[in-house]
Amino acid sequence: MRFKYFWNGIILENPVLILMIGLCPTLATSISARDALGMGIAASFVLIFSNIFVSAIRKIVPDNIRIPVFIIIISTFVTIVDYILQAYEPDMYKVLGVFVPLIVVNCIILGRAEAFAYRYGIFDSFLDGLGKSVGFTLVIFIMGTIREILAQGTFFGAKIMPDIYINNSLLFMIFPPGGFLLIGILKAIINKLFLNK
Amino acid sequence: MRQILVLTFVCVVSALLLSYVYLFTIPKIKEHKEKFFTSALSEIFPNIGGYKEVVKDSCYQILSEDKTRIIGLVFRTGEKGYGGIIEMFVGIDTLEKVCGLKIASPAEGLKETPGLGLKIREDKFKSQFLGKIKEQIKLKKEGGEIEAITAATISSKAVCDGIRKGIEKYKKYLREK
């Protein structure tokens, strides 16, 4: 029964397409499948660990200083991700660039700390973090894949479309308008399929 | 009182954790920075005796094989392009002529548009700079000798400006020991 916290994050409470939070990193880093996956994994790491730690210390943290405490915990994990990426995945670090430090202000993470981890036990918070992470990574990865294929004709940098397409590709998909258009289309599909609107 | 204790506790734990992560990642990070530079260097000056850093992280004197003379300079320069900073390594010889150019790849942080601005990395564009002196490195419509990439004037201009400013700033190190 507790596993519903996990499953909820993927569709019914999908952070991007249903809760509509964390839109900036979704739009900004979904320009290629690889960048999107990198951002998804980095944010997931921070989300899962900050949920666990916020939940673990929730009983000793007084109500009125909980937000600063959340921010310290989140920024600690963001800095860890930042250094580990720099050390072991320097190519990806250069692509994700400014977006890594910006995970600190990703609404999904602070939002889950406040709305869930502060009120529930460690295991439930872990499941919630995992579910929301999978939901976020899935959406950003799908967007990255579609945008990369449409704009550059490649998938993870490997050519998959014929040359005739690449020379006349939908270049605008890599720019912000392409991102907004695509997220609108995905939102519409989700609404139709799961919310019966 | 309890608030102070909790905040202090959280901060101390966080600081300890971070200093530990920093300690074991910093050697790796330094190694990667070094590698980007040495690969650029060997591309621009294939046979050298050594190099000397004259401006930290940006300008290096290249020494001849017997290490007695300075045969050129390699400097790092950056200029704002269309999508962000275009970072490049430029090599000049003792006559202040450009003898090599390496522009960072998208994986190394280049943010120009694929199919347009990204063409600055192609040899067809880059080879125009070889053997040119500062005064020649301008777009044709500004009185120089560099043919801009169609529909990517901003990126093309940024490369020219970056190289020109770099030469201006660092050429004095060609003479200084």
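This is a predicted model: local features need pLDDT of at least 70, side-chain atom pairs count only at pLDDT 80 or more; totals for chains, interfaces and linings use all residues.
Modeller: Residues are numbered from 1 along each chain as its sequence is written, while chains are lettered from A and ligands numbered from 1 in the order in which they are written.

Biologist: Which element gives the largest share of the side of chain A that touches chain B?

Modeller: Contact here means C-beta atoms, placed from the backbone, within 7 Å. By that rule, 24 residues of chain A meet 20 residues of chain B. Helices (DSSP runs of H or I, at least four residues) and strands (E, at least two) are numbered from the N terminus. Helix H4 (66-88) and helix H5 (90-96) of chain A each give two or more residues, and the largest share, 12 residues, comes from H4(A).

Biologist: How many bridges pair strand E3 with strand E4 in chain B?

Modeller: Strands pair if DSSP finds at least two bridges between them. E3(B) (residues 70-80) and E4(B) (residues 85-93) form a hairpin with 4 residues between them. Lys80(B) has Ile85(B) as its bridge partner.

Biologist: Which residue takes a positive phi in the hairpin of E4(B) and E5(B)?

Modeller: E4(B) is joined to antiparallel strand E5(B) (residues 98-103) by 5 bridges. Gly91(B) sits opposite Gly100(B) there. Between the strands lie 4 residues, and the one with a phi near 65 degrees is Glu96(B).

Methods
Two residues are in contact if their C-beta atoms, placed from the backbone, lie within 7 Å.
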